[in-house]
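Let's walk through this one together, starting with a pair of helices and ending at the ligand.

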Amino acid sequence: MGDIGNDPVVVIGLGRFGTALALELAERGTEVLAVDSRPKIVQSLSGKLTHIVTADATDIDALRDLGVAEFYRAVVAIGSDLEASILTTSLLVELEVDDIWAKAVSHQHARILERIGARHIVLPEHDMGERVAHLVSGRMLDYV
Ligand code: ATP
């Protein structure tokens, strides 16, 4: 395997967070498979992302059909729909995706995702608040 950081990535959930993430990865040359259950958002991004599909990520057969099990890395960027976030993450674990990143909207949500088997948890508001604190206090070098 070559540069693991440049392996293809599945991004599930194309809200503000997932969309920004998918576009930035694609911009940096990473192959992205983007998935959302809303056809409208998929349609609006189809010119910007090469591999983008409408699918319900809580459906294991849909994930299998998309070849998600072949990916090393996936990001669950579903936030406010806790049931969908938790179920999707557990299906990725079942499909043996190694490196699962999941977005959480609260510390309790984060704990559940971790227990299910997500390797990395992102709490966007909390994490960004910490980063901005470093910027505001002038500790620019910590902003990596
Ligand atoms: P953001 O803050 O990033 O805009 P959010 O935290 O409000 O998003 P949600 O709106 O819950 O997050 O979900 C983000 C995206 O995930 C939405 O575009 C939604 O359509 C998609 N999504 C929700 N459930 C599923 C699912 N089961 N399968 C695929 N995509 C889903």
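Angles under 35 degrees count as roughly parallel, over 145 as roughly antiparallel, 65 to 115 as roughly perpendicular and the rest as oblique. What you're looking at is a predicted model, where local features need pLDDT of at least 70, side-chain atom pairs count only at pLDDT 80 or more, and totals for chains, interfaces and linings use all residues. Residues are numbered from 1 along each chain as its sequence is written, and side-chain values use heavy atoms, leaving out hydrogens and water.

Now find helix H4 (residues 82-94) and helix H5 (residues 107-116): they pack at about 20°, axes 9 Å apart. H4 and H5 are therefore roughly parallel to each other. On the H4 side, Leu82, Ser85, Ile86, Thr89, Ser90 and Val93 meet His109, Ile112, Leu113 and Ile116 of H5 (heavy atoms within 4.5 Å). Sort the residues of that contact and you get six nonpolar, four polar and no charged.

A polar side-chain atom of Ser80 sits 2.7 Å from a ligand oxygen. A backbone N or O atom of Gly79 is 3.3 Å from an oxygen atom of the ligand, while a polar backbone atom of Ala57 lies 2.9 Å from a ligand nitrogen.

How values were computed
Axes are lines fitted to C-alpha atoms, for helices over the stretch in contact, and angles run from 0 to 180 degrees between N-to-C directions. Helices (H or I, at least four residues) and strands (E, at least two) are DSSP runs, numbered from the N terminus. Ala, Val, Leu, Ile, Met, Phe, Trp, Tyr, Cys and Pro count as nonpolar, Asp, Glu, Lys and Arg as charged, and the others, Gly among them, as polar. A polar contact is a pair of N or O atoms within 3.5 Å; within protein, one must be able to donate a hydrogen and the other to accept it, and residues adjacent in sequence count only if both atoms are side-chain atoms.
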